[in-house]
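Visitor: Please show me the model, and let us then discuss its side-chain contacts.

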Amino acid sequence: MKTTSRPTLAVSLCLGLAAAGAHAQEAPASLEACAAIGTDSARLACYDAYANRQAPSVAEADAAAEAAARLTEETAAVEESNATRRERARQAIDSMFAYDSSDPRAEAIANVGQGSLLDTRWELAAGSKLGLFNLRAYKPVYLLPAFWTSSTNPTPQSPNPDNTVTDPQELDSLEAKFQISFKTKALENIFGNNGDLWLGYTQSSRWQVYNGDQSRPFRETNYEPEALLVFRNGYGLPGGWRGRMAAVGINHQSNGRGDPLSRSWNRLMFNFGFDREDWALVVRPWVRISDGSDDDNPDMEDYMGRGDLTLTHVRGGHRYTLMARHSLRGGDRSHGALQFDWGFPIHRAFRGHVQVFNGYGESMIDYNHRATYIGLGISLQDWF
């Protein structure tokens, strides 16, 4: 019997995030308007806007951190001039995670990069931290009512015979796609004044909403919970770039379906974040946990890749993002994908959104299927 698919909890979460976005973008009319905001981070931003608070620039924070670090090194060199090698090693271990909040030099170092793009998303600087279990934006949140593909995949295949579809599915090339994503901080300052544990969740769905002959099914939904241990950095690089963050974590991704449509894998993730004025770059190499023999799709990493990078440029109300990933192998195992997203202003609460994807693995069920996808809709939250 055919059943009509119903939208999930994602719609409610999208509306909640949209409301928070609206408060963040519109200048407050009164303190009462700010007090009515439920999200801590959005309410704090509202109070700052009402008071016309001018935060120090990122360049000022970086300069203060560098000056404090140099002074600290010079002072340490003088104090340790008469110490033995063993004593210096012992002191280095004992003080590795020491932090004195009353020392202005230590405070300046801990606030390196305050206000930078990556700091706004990961609360890296000591003065940017908002505490635990506040719901924060993670990956983009969007709704694309029009999501077209150049090539449908009616018989998804896998080297595992149990995960190979033999009866073709009747699929439309035009469907809808939406994504929700959020994170929360579970632990803060695990190592002295650095090291935060974040828990994240991302869900993306492809909905055959225009396929009335097949009762408008959800063709594919991908679920991605993860945990990341994030560290603040502040080192300089050529061209004005700075290393802002490094992270390591565990990532699970699956489509929650039974055979033969089941797809899943687990990864050990490494994140390295860099930014420069209105640019941000995040590089993510990963290692698959297990060799794939016990998974539904043993060759997943040869198509979905062994790493990706995401470059974002912010200009006014526009957000331009390019994602590239690759298998990092040659010959017949060389596969990858490119995705471009453009968010542009159309309303105070959301942006227009264009998405273009080409390559392998737009979704897990299509991990070894190559196609071009073009989507048009709205975004409630971009990367930055």
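Visitor: How many aromatic pairs does the structure hold?

Guide: This is a predicted model, in which local features need pLDDT of at least 70, side-chain atom pairs count only at pLDDT 80 or more, and totals for chains, interfaces and linings use all residues. Residues are numbered from 1 along each chain as its sequence is written, and side-chain values use heavy atoms, with hydrogens and water left out. Rings of Phe, Tyr and Trp (its six-membered ring) pair if their centres lie within 6.5 Å; planes under 30 degrees apart count as stacked, over 60 as edge-to-face and the rest as tilted. The number of aromatic pairs in the structure is 13.

Visitor: Are the rings of Phe147 and Tyr373 stacked, edge-to-face or tilted?

Guide: The ring centres of Phe147 and Tyr373 are 5.5 Å apart. Their planes meet at 15°, so the pair is stacked.

Visitor: Which residue lies over the face of Trp122?

Guide: A charge sits over a ring if NZ of Lys or CZ of Arg is within 6 Å of the ring centre and within 35 degrees of the ring normal. Trp122 forms one aromatic cluster with Tyr138 and Trp198. Over the face of Trp122, at 4.6 Å from the ring centre, lies Lys183.

Visitor: With which residue does Arg206 form a salt bridge?

Guide: A salt bridge is a side-chain nitrogen of Lys or Arg within 4 Å of a carboxyl oxygen of Asp or Glu. For Arg206, the closest N and O atoms are 3.0 Å apart, and the partner is Glu362.
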